[in-house]
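Please keep the sequence and the structure in view while reading.

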Amino acid sequence: MGKEIEKLWREVRELSLGSEIDRLHSPPSPLHFLRDYVSQSKPCVISNAISHWPALKLWSHPAYLSGALSNDYVSLHLTPNGSADAVTPVTSAGDLCFASAHVEKVPFPEALQAVRSSSSERETVGYLQQQNDCFRTEYSTVASDCDGDIAWATEALGCSPEAVNLWIGTHLSVTSFHKDHYENLYAVVSGEKHFLLLPPTDVHRLYVQPYPAANYSYHRDTETFKLEIEQPLRHVPWCSVDPYPSPEREASERLKYPFYFDGPKPFHCTLKAGEILYLPSMWFHHVSQTPGDGGYTIAVNYWYDMQFDIKYAYFNFLQSVSYGSSSLSPILSWREDEDSESGDGKV
């Protein structure tokens, strides 16, 4: 079975996806989008689709956002390292958990300042990444600066967005590999977003495993974090691979996860302000960012319900197939019955 799966990794690229993400210089028609991308489960980047949004000119100015949202409370996510919803050591012995950020409601100007002043030296990183339709709830005051949906996607998919989310962060905030059960239209308003993408066929390469759920708590008096395992204990299925390990960890990570590091390279695309990424449901993605003029990166994403059709059944079958040696096999003998963020939403 192993050789057949490795052949599948190559063939899906040769026969369907190609070697690079398609770039469209204008919005596609609903028919073009549905036929060539949604039905093919094929990502693409679209330019000149949101050039009419006032947000593109306004949101790079912190004073505008702080003024417009001066009376609004938003959910600020805090971690010591910018890695929320990620596999993280929880003990000095290196035991791993799935760590979620400390979250607190604060006035938007305070939240934005916490994001802009994020520091790896102080080990405090702020990220506005609430999801759960946060753009239409916590940020409704500035919702008119963007469209309520992506019109050609709404027509092609036959439904309105299930959720619209806002993301504001710096280069210190990184979203680990995961997948979402949504069709995702991801628009960058300020700065740049950097995506690594893997198709659903490559599920075995990411060594998805169940990790005990844990939560950061932040103590303002000492400016320190504490990471604690949830009680009662629950497990979250998550991707184990860090595609950018530190130099001292790289050799050991390559030995632990050879299917990822020795297999076909992930697709990489950089999304600039004014561009949209169509990210098909169940595609694995890792996200980092480069701030724009305001000292932060801002994005708005639209989650549309996916169709639980033959593609979903095929993926569930594929992930149930055992692959690899007993010591390295990312065998999925448990069911994915929990979703978390991402992403940038996720599993």
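This is a predicted model: local features need pLDDT of at least 70, side-chain atom pairs count only at pLDDT 80 or more; totals for chains, interfaces and linings use all residues.

Q: Why is glutamine 131 called buried?
A: A residue counts as buried when its relative accessible area is under 20%. Glutamine 131 has 6% relative accessibility, and therefore it counts as buried. Glutamine 131 is found in the loop between strand E7 (125-127) and helix H6 (134-137). Its phi is positive, at about 60°, although glutamine 131 is not a glycine.

Q: Is tyrosine 207 buried or exposed, and what makes it so?
A: The relative accessible area of tyrosine 207 is 3%; the cut-off for buried is under 20%, so tyrosine 207 is buried. Tyrosine 207 sits in the loop between strand E11 (192-198) and strand E12 (209-219). Tyrosine 207 also has a positive phi, near 50°, and is a residue other than glycine.

Q: How do you know that strand E2 and E16 pair?
A: Pairing requires at least two bridges between two strands. Three bridges join strand E2 (residues 44-46) to E16, so the two strands pair. They run antiparallel, and cysteine 44 has tyrosine 278 as its bridge partner in E16.

Q: What makes strand E10 a partner of E16?
A: Strand E10 (residues 182-190) is joined to E16 by four bridges, and the definition asks for at least two, so these strands pair as well. E10 and E16 run antiparallel. The bridge partner of asparagine 184 in E16 is leucine 279.

Technical notes: Residues are numbered from 1 along each chain as its sequence is written. Side-chain values use heavy atoms; hydrogens and water are left out. Buried means under 20% relative accessible area, exposed over 50%, partly exposed in between (1.4 Å probe, protein chains only).
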